[in-house]
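Here is a short note for a colleague who is opening this entry for the first time. Please keep the sequence and the 3D view at hand while reading.

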Amino acid sequence: WTSVNDAASLGVGLYSSGSREVRGLGLYKNELIVFMRDGVQSWNIDPDPRKFSLKTVVENVGTNFPRTISNSGTDLYFLSDNGFRSLTTTQYTNNLSDFDIGSPIDKLVRTQAKFLKEKISRGDLAAKSIYFYATGQYICAMLNQAFVYSTSKVSQVAAWSRYTFND
């Protein structure tokens with residue numbers, strides 16, 4: 001934007017049943033995805049801010065780790081307090097929903113996520129991710145570990161790897 005008068009604002013708090021503090025933003029299928037700690041909203045956006053409109057609210061999933069939000073094209077991956085999750089569009093209803101891609105490693109990740117929240121409260125860089133299209137991998141580095149989610153639609157494989165680095 002070029003001035004205060006043409007800057008947009010979203011009333012995300014009006015549509016939040018839990019936390020109203022925005023924790024992160026992402027783009028998914030031409031929609032702005034707004035993350036709170038315990039909720040996600042998708043917004044239709046337009047060059048004219050008066051045409052912004054709420055599309056979907058997904059409750060009980062969100063993030064405290066905004067640097068872990070990565071778009072894979074067909075999903076939006078992120079780290080929640082309970083483990084890795086993704087937002088995807090349900091095929092038959094065309095609604096946005098969460099999917100627990102990280103359930104096989106949730107127990108490992110929950111301990112790390114709790115420690116990461118403490119580091120964030122002190123202002124430390126906690127976790128960061130990237131989606132690498134060439135290999136179909138979501139890579140999330142946190143502390144001295146990297147969690148890698150590898151997918152192949154052709155082989156119909158989805159698997160997690162964990163790498164630990166020396167301090």
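What percentage of the residues in the protein chain are buried?

1. **Overall make-up.** The model is predicted. Buried residues account for 39% of the 167 residues in the protein chain. The chain has one helix and 12 strands. In sequence order the pattern is β-β-β-β-β-β-β-β-α-β-β-β-β.

2. **The salt-bridge network.** The count of salt bridges is six. Three residues, Arg85, Asp106 and Arg110, are linked in a network of them. Start with aspartate 106 and arginine 85: their closest N and O atoms are 3.1 Å apart. This pair links distant parts of the chain, with aspartate 106 in helix 1 (residues 106-121) and arginine 85 in strand 7, 21 residues apart. Aspartate 106 counts as buried because its relative accessibility is 7%, under the 20% limit. Arginine 85 is also buried, because its value is 9%.

3. Is arginine 110 buried or partly exposed? Arginine 110 has a relative accessible area of 39%, so it is partly exposed. Side chains of opposite charge can pair when their charged atoms come close.

4. **A separate pair to check.** Aspartate 38 and arginine 37 meet in a salt bridge through their side chains, at 3.6 Å from N to O. Aspartate 38 is partly exposed, because its relative accessible area is 23%. Arginine 37 is partly exposed too, because its relative accessibility is 39%.

5. **The largest pocket.** It holds about 310 Å³ of space. The lining has 16 residues, and the closest to the pocket centre are Asp75, Tyr77, Tyr149, Thr151 and Lys153. By type, the lining divides into seven nonpolar, seven polar and two charged residues.

6. **Which strand gives the most to the lining of the largest pocket?** Strand 11 does, with three residues. At least two residues each come from strand 7 (83-89), strand 11 (145-152) and strand 12 (157-164).

7. **Two loop residues with positive phi.** Asparagine 30 has phi near 65 degrees, a positive value in a residue other than glycine. Asparagine 30 sits in the loop between strand 1 and strand 2 (31-35). Asparagine 30 is exposed, because its relative accessible area is 73%. Glutamine 156 has phi near 55 degrees, again a positive value in a residue other than glycine. The place of glutamine 156 is the loop between strand 11 and strand 12. Glutamine 156 counts as exposed, because its relative accessibility is 73%.

8. **Before strand 1.** Leucine 14 lies in the segment before strand 1 (24-28). Leucine 14 is exposed, because its relative accessible area is 71%, over the 50% limit. Together with Tyr15 and Val57, Leu14 makes a nonpolar surface patch of about 310 Å². Leucine 10 is in the segment before strand 1 as well. Leucine 10 has a relative accessible area of 25%, so it is partly exposed.

Key: Residues are numbered from 1 along each chain as its sequence is written. This is a predicted model: local features need pLDDT of at least 70, side-chain atom pairs count only at pLDDT 80 or more; totals for chains, interfaces and linings use all residues. Side-chain values use heavy atoms; hydrogens and water are left out. Patches are made of residues with over 30% relative accessible area and no salt bridge: like charges are joined within 9 Å, nonpolar side chains (Val, Leu, Ile, Met, Phe, Trp, Tyr) within 5 Å. Accessible areas come from the Shrake-Rupley method with a 1.4 Å probe; for residues, only the protein chains shown count as cover. A salt bridge is a side-chain nitrogen of Lys or Arg within 4 Å of a carboxyl oxygen of Asp or Glu. Helices (H or I, at least four residues) and strands (E, at least two) are DSSP runs, numbered from the N terminus. Buried means under 20% relative accessible area, exposed over 50%, partly exposed in between (1.4 Å probe, protein chains only). On a 1 Å grid over the protein atoms alone, a cavity is a set of points where a 1.4 Å probe fits but cannot get out, and a pocket is an open set with protein on both sides within 12 Å along at least five of seven lines; lining residues have an atom within 4 Å of a point. Grid points are joined across faces, edges and corners, and a volume is the space filled by probe spheres set on the points. Ala, Val, Leu, Ile, Met, Phe, Trp, Tyr, Cys and Pro count as nonpolar, Asp, Glu, Lys and Arg as charged, and the others, Gly among them, as polar.
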